[in-house]
Amino acid sequence: MASSLLSDVSLRVRITFFALTMGAVFVPMVFIALFAKREEIQPSMVFGCYAAPGAPPLEIGLSTIRIVEPGARRLSYEPQQSKTSYQLSVRPALRPKLQADGKYHFEQARGIGYFWSLLPEEGKNRNRIRHPREYSGRFEVYASDGTRLVYVRQATTKLCR
């Protein structure tokens, strides 16, 4: 159909038509790539004392996470963007594991680290945040048995003492 549409048109007009069509497709893509950069999430937005049911509290500082349990192990973390959301990149690979007492304790796991997804306010229709200001003070950690633990920032820091 395109050949019959442009069969009586000069080569110069065909090239111009093709250039305008490709420009209409690629110029908006270039503008989106240049101007649609997502905002970085700062470590100061996530620091505080967090607790999850049946799991040890976590005290998040500006560069480390302290597990409030005997041994007081520390994790390093970096808040970052993922393809669709924001997350904490946490190292080393410590993962909550269910113990005989019915509580979770962090234990060494395979790998070099984990990604903990930052969550919006409860009740939102999404399970990921799209902008740092949507962060509600909650993030999810998956335990070794597949259980989803949701850590929530606490108003007081007495759990993290």
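Mentor: Let's start with a definition: two strands pair if DSSP finds at least two bridges between them. Strands themselves are DSSP runs of E with at least two residues, numbered from the N terminus. This is a predicted model, in which local features need pLDDT of at least 70. Residues are numbered from 1 along each chain as its sequence is written.

Trainee: How many bridges join β1 to β2 here?

Mentor: Three bridges link β1 (residues 48–51) with β2 (residues 58–60), and the two run antiparallel. In that pair, Gly48 stands opposite Ile60. The hairpin has six residues between the strands, and Gly54 takes a positive phi near 75 degrees there.

Trainee: Which strand pairs with β1 over two bridges?

Mentor: That is β10 (residues 148–153), again in the antiparallel sense.

Trainee: In what order do the strands close into a barrel?

Mentor: Follow β1-β2-β3-β4-β5-β8-β9-β10, eight strands with antiparallel pairing. Neighbouring strands of this sheet are turned by 30 degrees against each other on average, direction ignored; the axes behind such angles are lines fitted to C-alpha atoms, and angles run from 0 to 180 degrees between N-to-C directions.

Trainee: How should I read the side chains along a strand?

Mentor: In a regular strand they alternate between the two faces of the sheet. Tyr77 stands opposite Val90 of β5.

Trainee: Where is Pro92 found?

Mentor: Pro92 lies in the loop between β5 and β6 (94–98). Check its backbone too: the peptide bond from Arg91 to Pro92 is cis, with omega near 0 degrees.

How values were computed: This is a predicted model: local features need pLDDT of at least 70, side-chain atom pairs count only at pLDDT 80 or more; totals for chains, interfaces and linings use all residues. Side-chain values use heavy atoms; hydrogens and water are left out. Helices (H or I, at least four residues) and strands (E, at least two) are DSSP runs, numbered from the N terminus.
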